[in-house]
Amino acid sequence: MTKEEFQKYQKKYAAQIEQIRLSAHELHQSVNQTYGDDLPYGFHLDMVVEGISDFGYLVCVSEDDVVPMFFGGYYHDAIEDARLSYNDVMKRARKWMSEKQALMATEIAYALTNDKGRTRAERAGEKYYQGIRETPYAPFVKLCDRLANVTYSCSVDSGKDGNRMREVYKNEMKHFLPSITSDSDDPRLQIPFEVITALAEILIDEVDRDEIRRQWGR
């Protein structure tokens, strides 16, 4: 899909996307979830969707997939952090989409839900990453999620926790990218090099950019 087409569809479905945005913000606010130093969690959701808005044309293959991608971005933490079940998310998705679209949207949110575990590594193990690799648009949304987290963690406003997470993301970089990379040729399962580059640029002092380009360049 061309960038112009993707932008056209964003405008066409702007009303639905805004309703999804508001509902996701309200959901996380209802469970008192915050981001960083007491920012509303919607701040993070908007950053994730900014990545989808900027780079979604690189993976999107159909007009029907546009709204599910945005829903997946706004609801990617709804099961894990906002106490919704899979069926709860599906019910919400049906408000704005066809049954087929709602299923795609819900599967993205489900794929990005961490497994049960005592540590970060246990919660994001091989089964978790396998689910991402096998779910259309989940690798891309997960990459946008990571880009949003890294961008904030490296900002001047992120505070002590941001500095700590910067080190976590730096150390995970070489493992993270292969973990969400699918062997499939399906465009919906790809992670665009442009987003990988944006991620590496933020971590320029810690990540060997030339190595990233050699491994992930197209």
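This is a predicted model: local features need pLDDT of at least 70, side-chain atom pairs count only at pLDDT 80 or more; totals for chains, interfaces and linings use all residues.
User: How many helices and strands are in the protein?

Analyst: Elements here are DSSP runs, numbered from the N terminus: helices are H or I with at least four residues, strands are E with at least two. The protein has 13 helices and two strands.

User: How much of the protein is buried?

Analyst: Buried means under 20% relative accessible area, exposed means over 50%, and partly exposed lies in between, with a 1.4 Å probe and protein chains only. Of the 218 residues, 48% count as buried.

User: What share of contacts join residues at least 24 apart?

Analyst: A contact means heavy atoms within 4.5 Å. Take the contacts between residues at least 6 apart in sequence: 71% of them join residues at least 24 apart.

User: What span should helix α2 have?

Analyst: The expected span is 1.5 Å times one less than the number of residues. Helix α2 covers residues 14–30, which is 17 residues, so it should span 24 Å. Its end C-alpha atoms are 24 Å apart, which agrees. Helix α7 can be read likewise. It has 13 residues and reaches 18 Å from its first C-alpha to its last, close to the 18 Å expected.

User: Which residues of α2 are buried?

Analyst: Start with the general idea. An α-helix has 3.6 residues a turn, so residues three or four places apart point the same way. In α2 the buried residues are Ile17, Ile20, Ser23, Ala24, His25, Leu27 and His28. They pack against α1 (3–12), α3 (42–55), α4 (66–74), α5 (78–81) and α6 (86–93).

User: What does Ile17 touch?

Analyst: Ile17 lies in helix α2. At 9% relative accessibility, Ile17 counts as buried. Leaving out residues up to four places away in sequence, Ile17 touches Gln10, Phe70 and Tyr74. Look at Phe71 too. Ile17 and Phe71 are 54 residues apart along the chain, yet their C-alpha atoms are separated by 7.4 Å.

User: Is His44 buried or exposed?

Analyst: His44 is buried, with a relative accessible area of 1%. His44 is found in helix α3. Its contacts, not counting residues up to four places away in sequence, are Tyr35, His76, Asp77, Asp145, Ala148 and Asn149.

User: How do α6 and α7 cross?

Analyst: Axes are lines fitted to C-alpha atoms, for helices over the stretch in contact, and angles run from 0 to 180 degrees between N-to-C directions. Under 35 degrees counts as roughly parallel, over 145 as roughly antiparallel, 65 to 115 as roughly perpendicular, and the rest as oblique. The axes of α6 and α7 (residues 99–111) come within 9 Å and cross at roughly 140°. The two helices are therefore oblique to each other.

User: Which residues meet there?

Analyst: Tyr86, Val89, Met90 and Ala93 in α6 meet Glu99, Ala102, Leu103, Ala105, Thr106, Glu107, Ala109 and Tyr110 in α7. For classes, Ala, Val, Leu, Ile, Met, Phe, Trp, Tyr, Cys and Pro count as nonpolar, Asp, Glu, Lys and Arg as charged, and the others, Gly among them, as polar. This contact has nine nonpolar, one polar and two charged residues.

User: At what angle do α4 and α7 pack?

Analyst: The angle is about 30°, with the axes 8 Å apart. That makes α4 roughly parallel to α7. Pro68, Met69, Phe71 and Gly72 of α4 make the contact with Gln101, Met104, Ala105 and Ile108 of α7. By class it has six nonpolar, two polar and no charged residues.

User: What covers the buried residues of α7?

Analyst: The cover includes α4, α5, α6, α9 and α10. The buried residues themselves are Gln101, Ala102, Met104, Ala105, Thr106, Ile108, Ala109 and Ala111.

User: Where does Asn32 lie, and what is its phi?

Analyst: Asn32 lies in the loop between α2 and β1 (34–35). Its phi is near 60°, a positive value in a residue other than glycine. Asn32 is exposed, with a relative accessible area of 68%.

User: And what is phi of Tyr137?

Analyst: Phi of Tyr137 is near 75°, again positive in a residue other than glycine. Tyr137 is found in the loop between α9 (126–133) and α10 (138–153). Tyr137 is buried, with a relative accessible area of 0%.

Technical notes:
Residues are numbered from 1 along each chain as its sequence is written. Side-chain values use heavy atoms; hydrogens and water are left out.
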